[in-house]
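Hello,

Here is the structure I promised to pass on. My notes on it follow below.

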Amino acid sequence: MNRRELLQTCAMLLGGVASAAVSRAVMAAVPLNRGLSATVFDPDQRKTVELLSEMIIPATDTPGAMAAGVPDFIAQVVAEWYNEAERAVFFRGLKALDTYCLAAESKVFLAASEACRIAALSEQEQVLADYKSQHTESGGHPLAPRDDDALPFFGKLKELVVVGFYTSEVGAKEELEYHPMPGHYDGDVDYTQVGRRFSA
Amino acid sequence: MQTQQFDAIVIGSGVTGGWAAKELTEKGLKVLMLDRGRMVEHITDYTGEHTPPWQVPFRGKPLRDLYKDEYPVQSQQYAFDETTRHYYNNDKLNPYVDQPKDFLWFRADVVGGKSLLWGRQVYRWSDLDFEANKNDGHGIDWPIRYKDIAPWYSYVEKFIGVSGRAENLPQLPDSEFLPPMEMNVVEKHVKAKIEEHYDDRMMTIGRVAVLTKPHNGRAACHYCGPCHRGCSAGAYFSTQSSTLPAARQTGNLTLKADCVVEGIDYDPATKRASGVRVIDANTMERTLYTGKLVFVCASTVGSTQILLNSRSEQFPNGLGNTSGVLGHYLMDHTYATGVVGVYPGLYADRVDFGNRPNGIYIPRFRNVRGNDADADFVRGYNYQGGAMRPGVTGQAMSTPGFGKEFKESLRTPGPWLMFLGGFGECLPYHDNRMELVDSKRDRFGIPQVKFHFSWHDNERKIIDDIQKQGQAMLTAAGAINVKSFQGNMPGGAAIHEMGTARMGDDPNESVLNRWNQMHGVPNVFVTDGACMTSASCVNPSLTFMALTARAVDYAVNQLQDGAI
């Protein structure tokens with residue numbers, strides 16, 4: 001991270017400080033708090049989260065979720081951003097994966113076969129699909145964000161993996177076409193010449 | 001208490017304050033421009049600009065607890081996030097009564113004000129707007145017409161640079177244009193289909209205060225987005241990029257940030273405003289500044305708050321409030337109403353490149369030649385919108401599955417969507433108003449603002465028509481799954497709040513005359529949104545700029561003639 005990037009990050013973390021100049025002066029003394037996210041998962045839960053991230057967005061011809069640092073992002077959100085209800089849903093989901101694999105192969109999720117793990121995650125996806133069909137939203141602005149504490153585990157996990165991957169430096173630069181300063185607008189580009197999405 | 005002396009004092013440094021300071025200093029006056037917010041210098045203080053997504057805290061997920069506690073109003077604004085929060089008002093520090101109920105008062109708390117954050121859409125009003133009150137009897141007649149303001153539209157446009165396409169429409173006069181931005185393939189398609197199907201409406205590219213060519217020392221747009229973080233190229237109009245450098249160049253400007261204006265003093269012997277009372281936002285030190293002219297440009301609500309708080313024996317209900325209308329006839333635009341349709345298969349192999357800081361615009365076509373036979377409302381609305389393919393997160397969340405195929409499927413963007421969002425005119429209603437609550441003081445001892453605002457029958461009918469016409473248009477243009485929507489829309493949501501110190505020829509029913517000059521206090525001018533006698537459906541900021549330049553020209557002539 002170069003100096004300008006560090007300045008920007010800290011200035012934003014300090015947020016409402018009186019002026020940018022003050023925030024730049026103060027920022028050198030502020031450590032980023034990694035304490036909570038380092039301990040939110042026990043080692044097995046952490047390995048499970050890594051596995052799940054890579055199951056959802058694997059390394060292919062481009063890096064996957066692990067290389068993009070997605071598990072760290074998930075840990076940070078679960079530890080520092082989720083409220084109690086959301087955290088509870090997340091941990092219950094991890095447990096449900098174990099329950100499935102114990103019933104199918106008498107093994108916890110981490111130790112089960114790949115096929116079993118896929119089936120366990122697919123079951124969680126079905127839980128989400130059932131939930132969505134019972135909770136259709138309508139009428140409001142289509143781009144308005146919707147916070148739902150009770151959104152099932154797979155919905156939470158998938159959102160974190162997708163956001164964590166595509167907003168990561170690796171994801172943005174290697175899976176997307178990253179152009180932070182496009183220079184011009186072209187309203188008619190042949191996608192077949194590009195082959196990838198442009199990052200936002 | 002210390003005293004100083006200036007030729008002119010400008011309260012506020014946003015869109016109109018910056019313009020007043022530029023015009024006054026360029027005419028040779030020594031000017032003090034005050035802002036309650038902290039300093040933001042062009043380029044060096046745009047701390048959020050170019051922040052890549054991986055450096056935004058929680059990758060952009062909102063800091064819910066902080067926002068709820070300290071920014072319950074501002075966090076509802078579309079441009080508010082961790083890369084812009086430093087520009088916004090802290091609602092906990094500086095609240096209004098019952099916030100955010102009844103009205104969303106979006107505001108910045110920095111030099112430049114909303115000129116840093118605004119949507120940059122700029123359009124001229126026409127006599128369809130200036131004659132509306134007279135024609136249907138809602139509100140009072142504007143004391144000006146298009147011919148009075150047309151030369152000033154040209155004047156401000158030539159300075160700020162406006163990109164757009166000339167369309168020769170009577171209800172939306174053309175500006176002095178820099179080259180227009182491009183529509184994308186689907187927007188062109190929808191435009192062609194709509195214009196083929198209807199003979200009374202058309203679609204053009206948005207008219208924006210964003211440069212498509214270098215202009216007056218500022219660079220053309222780089223299509224980075226989003227503008228509201230700040231633009232070091234100076235490509236969009238803001239105080240920082242445009243009017244402040246011009247004012248500073250004259251050597252006549254004193255700019256003081258962190259200056260909260262408590263009130264304007266009135267001297268009954270001279271029948272003039274005699275000074276502006278300021279409280280330092282950090283030290284609480286009080287200062288009185290005196291000037292020959294006072295331009296009140298603190299934003300619609302900010303300006304009227306100052307005027308209401310400027311009470312004296314001659315003006316017990318606020319400076320210039322002999323009529324009793326100060327604070328009343330608050331208006332906004334209807335907002336968050338629209339339609340969206342899908343085009344599966346259309347231009348599937350085409351995408352767009354670059355973040356265009358602009359959309360398309362469908363000028364008002366309702367009630368433009370008298371009242372339409374099938375319209376159960378007066379006045380009208382326009383659409384702003386555009387076509388886009390879904391973002392990766394949205395697409396991912398609605399694509400089932402996971403793994404290699406899932407990841408690869410996200411490489412192909414989903415189908416094109418076309419959005420149209422309507423902005424509708426709100427009529428002037430006496431009951432829509434702001435007041436000061438003396439028993440609820442802010443941390444400076446200034447009475448807090450309380451809003452009373454509701455939409456009425458005409459606005460509800462306009463919203464219905466926006467959805468109905470929008471659905472019909474997108475369907476005629478071949479979109480499928482066309483859905484209409486209405487998002488959260490309290491007053492203030494469109495951030496086009498106007499009125500409360502309206503212009504009019506009759507001092508018994510207005511606060512300002514045809515020159516934005518306060519009735520009975522000839523050295524006070526109010527040129528921001530507070531002055532507006534009606535709201536139109538057309539974006540107002542360009543009109544604010546033109547009124548300001550025109551009012552300064554008048555004020556300085558009056559000063560030089562010895563009339564003020």
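How many helices and strands does chain A have? Chain A has 9 helices and 1 strand, where helices (H or I, at least four residues) and strands (E, at least two) are DSSP runs numbered from the N terminus. Along the sequence the pattern reads α-α-α-α-α-α-α-α-α-β.

Before going further, please note that this is a predicted model, in which local features need pLDDT of at least 70 and side-chain atom pairs count only at pLDDT 80 or more, while totals for chains, interfaces and linings use all residues. Residues are numbered from 1 along each chain as its sequence is written, chains are lettered from A and ligands numbered from 1 in the order in which they are written, and side-chain values use heavy atoms, with hydrogens and water left out.

Now to the interface. Chain A brings 79 residues to the contact and chain B brings 64 (contact means heavy atoms within 4.5 Å). Together they bury about 6,200 Å², 59% of it on carbon and sulfur atoms; buried area is the accessible area (1.4 Å probe) that two parts lose on being put together, summed over both. F353(B), F402(B) and R411(B) supply 15% of the area that chain B buries against chain A, more than any other three residues.

R411(B) also forms a salt bridge with D61(A), at 2.8 Å from N to O. The rule (a side-chain nitrogen of Lys or Arg within 4 Å of a carboxyl oxygen of Asp or Glu) finds 5 salt bridges across this interface.

Best wishes
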